[in-house]
Amino acid sequence: MNTATDLILAGALTGVWLTAGLLVETLPTARTARELRRRTGLLSMLVGAGAAVFVAVPVITGLLPGASAAPAAALLPAVPAMIVLTVTRRRLTQIRHGAGAFATAPLAPLPPGLRAAAAHPLIAVPLQVTGLATLVALPIAAGVVTVPDWDMAGIAISLVGVAVVAATVRAGVRHSRLSVPAVVPRARVPRELTRVV
């Protein structure tokens, strides 16, 4: 069994996705459009690196002799990572392009609409859930927990489920709070102007 290789692969997976999960928290706190554009660019690179590590796991373990626990360890985080690659990555690209339109004015404040878009739950939650799921992958890669051990798997999945619910509620509340300033109030039209002469 290649425990050292499994731990290196699982550690790389955890490092990249946890960093992305922490960085996504800073998107709505950007002060300028240029700063938001830089952060979304860095986050997009981390998502690409995380996807590359997922591809590297079966390739490297297939080249090495002996049994490996790394593919089984990467299975749980692969599910939320697919949501990141299909939904979150597209939203990050849209925010980066939107911030790029304002980036020519370096000191211009971040528009409320972009701040609300950066706080959307479909951006933060999948990245954070993937990071949490990679933490579950570490003991599997180390050989401490075997995949058929349903008691440990049930506890780990329950803990990740609670964390997912907490992250989703928190992201939803944050998005709702930040989207209120982005809505432009409707101007009142005097009644005299609405009458047909």
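## Thr88, tucked inside

Let's start with Thr88. In this predicted model, Thr88 has a relative accessibility of 0%, so it counts as buried. The residue belongs to helix 3, which covers residues 70-102.

What does Thr88 touch, once residues up to four places away in sequence are set aside? The list is Ile83, Leu122, Ile123, Pro126 and Leu127.

## The chain as a whole

Stepping back, the chain has 7 helices and 0 strands. Read from the N terminus, the order of elements is simply α-α-α-α-α-α-α.

The chain has 197 residues, and 39% of them count as buried. As for contacts, take those between residues at least 6 apart in sequence: 84% of these join residues at least 24 apart.

How many salt bridges turn up in a search of the whole structure? The search finds 1. As a bit of background, side chains of opposite charge can pair when their charged atoms come close. Here the partners are Arg39 and Glu35, and their closest N and O atoms sit 2.3 Å apart.

Both partners are in helix 2, 4 residues apart, which means about one helical turn separates Arg39 from Glu35. Are these two buried or exposed? Arg39 is buried, and Glu35 is buried too.

Arg38 is a handy one to look at. You'll find Arg38 in helix 2, and its relative accessible area is 54%, so Arg38 counts as exposed. The cut-off for that label is over 50%.

## A nonpolar patch

The surface also has a nonpolar patch, built from Val55, Val59, Ile60, Leu63 and Leu64. Together these residues have about 450 Å² of accessible area.

Take Ile60 as one of its members. Like Arg38, it has its place in helix 2. Why does Ile60 count as partly exposed? Its relative accessible area is 33%, and the partly exposed label applies between the buried cut-off of under 20% and the exposed cut-off of over 50%.

Methods
Residues are numbered from 1 along each chain as its sequence is written. This is a predicted model: local features need pLDDT of at least 70, side-chain atom pairs count only at pLDDT 80 or more; totals for chains, interfaces and linings use all residues. Side-chain values use heavy atoms; hydrogens and water are left out. Helices (H or I, at least four residues) and strands (E, at least two) are DSSP runs, numbered from the N terminus. Buried means under 20% relative accessible area, exposed over 50%, partly exposed in between (1.4 Å probe, protein chains only). Contact means heavy atoms within 4.5 Å. Patches are made of residues with over 30% relative accessible area and no salt bridge: like charges are joined within 9 Å, nonpolar side chains (Val, Leu, Ile, Met, Phe, Trp, Tyr) within 5 Å. Accessible areas come from the Shrake-Rupley method with a 1.4 Å probe; for residues, only the protein chains shown count as cover. A salt bridge is a side-chain nitrogen of Lys or Arg within 4 Å of a carboxyl oxygen of Asp or Glu.
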